[in-house]
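Here is a walk through one protein model, from its overall fold down to single residues. Keep the coordinates open as you read.

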Amino acid sequence: MATTWTDGDPVAFVERAAPAVRRRDAHTLLELMRRVTGQEPRMFGTSMVGFGQYRYEYASGRSGQAPAASFAPRKAATTVYLPDGVGAHEELLARLGPHTTGVGCLYVKDLEQVDLGVLEEIVRRSWSTVTAGTFGRRARES
């Protein structure tokens, strides 16, 4: 993985997020992920805010470390990363509210339109799964 932890200030990064809805949602996610993980945010690369880390090792032998919980306030939508894959959270995602997904990404355009309790549970379950030990599945395998 080419992306690594940096010394960037995650709060300053969030303050620069645009449009305004991404900035507002990023502040909400800072607090939600702090609460879930008990960790302080750190920048992972130049555009991801991460909390804690997990170790992965795939059957191929590839291994590394990545944020155990993270998000990125992108222009089109906020991305919440789910390293255990969105498939692991189908039941909760059905109750979340308006969103789209990728293999390991949850895209939300407006956190005020989703159930934050459900989102918190998704993040909590993902965090618990990937921090329980060395994680050995790719997101697409969920």
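**From helices and sheet to ring pairs**

Helix α4 (residues 116–130) lies across β2, β3, β4 and β6 and runs at about 170° to β3. Such angles run from 0 to 180 degrees between N-to-C directions, with axes fitted as lines to C-alpha atoms, for helices over the stretch in contact. Contact means heavy atoms within 4.5 Å. Helices (H or I, at least four residues) and strands (E, at least two) are DSSP runs, numbered from the N terminus.

A note on the source: this is a predicted model, in which local features need pLDDT of at least 70, side-chain atom pairs count only at pLDDT 80 or more, and totals for chains, interfaces and linings use all residues. Residues are numbered from 1 along each chain as its sequence is written, and side-chain values use heavy atoms, with hydrogens and water left out.

Now the sheet. Six strands form an open sheet in the order β1-β2-β3-β4-β6-β5, with antiparallel pairing. Strands β1 (41–44) and β5 (100–101) are at the edges with a single partner strand each, so one side of each has no neighbour in the sheet. Two strands pair if DSSP finds at least two bridges between them. Strand β4 (residues 78–81) pairs with strand β6 (residues 105–108) in the antiparallel sense, over four bridges. Within this pairing, Thr79 has Tyr107 in β6 as its bridge partner. Helix α2 (residues 20–37) also packs on the sheet. This helix touches β1, β2 (48–57), β3 (63–73) and β4, and its direction makes about 135° with that of β3.

Four bridges join β1 to β2, and the two run antiparallel. Met43 has Val49 in β2 as its bridge partner. The two strands form a hairpin with three residues between them. In that turn, Gly45 has a positive phi of about 75°.

What does a search for aromatic pairs find in the whole structure? It finds two. Rings of Phe, Tyr and Trp (its six-membered ring) pair if their centres lie within 6.5 Å; planes under 30 degrees apart count as stacked, over 60 as edge-to-face and the rest as tilted. Trp5 and Phe44 are edge-to-face, at 5.0 Å centre to centre and 70° between the planes. This pair links distant parts of the chain: Trp5 is in the segment before α1 (10–15), Phe44 is in strand β1, and 39 residues separate them. The other pair is Tyr54 with Tyr56. Their ring centres are 6.1 Å apart and their planes are at 50°, so this pair is tilted.

Is Phe44 buried or exposed? Phe44 has 3% relative accessibility, so it counts as buried. Buried means under 20% relative accessible area, exposed over 50%, partly exposed in between (1.4 Å probe, protein chains only). Tyr54 and Tyr56 are buried as well.

From Ala18 to Pro19 the bond is cis, with omega near 0°. Pro19 lies in the loop between α1 and α2.

Finally, step back to the whole chain. The protein has four helices and six strands. Along the sequence they follow the pattern α-α-β-β-β-β-α-β-β-α. The C-alpha atoms fill a box of roughly 40 × 35 × 25 Å, taken along the principal axes. Buried residues make up 45% of the 142 residues.
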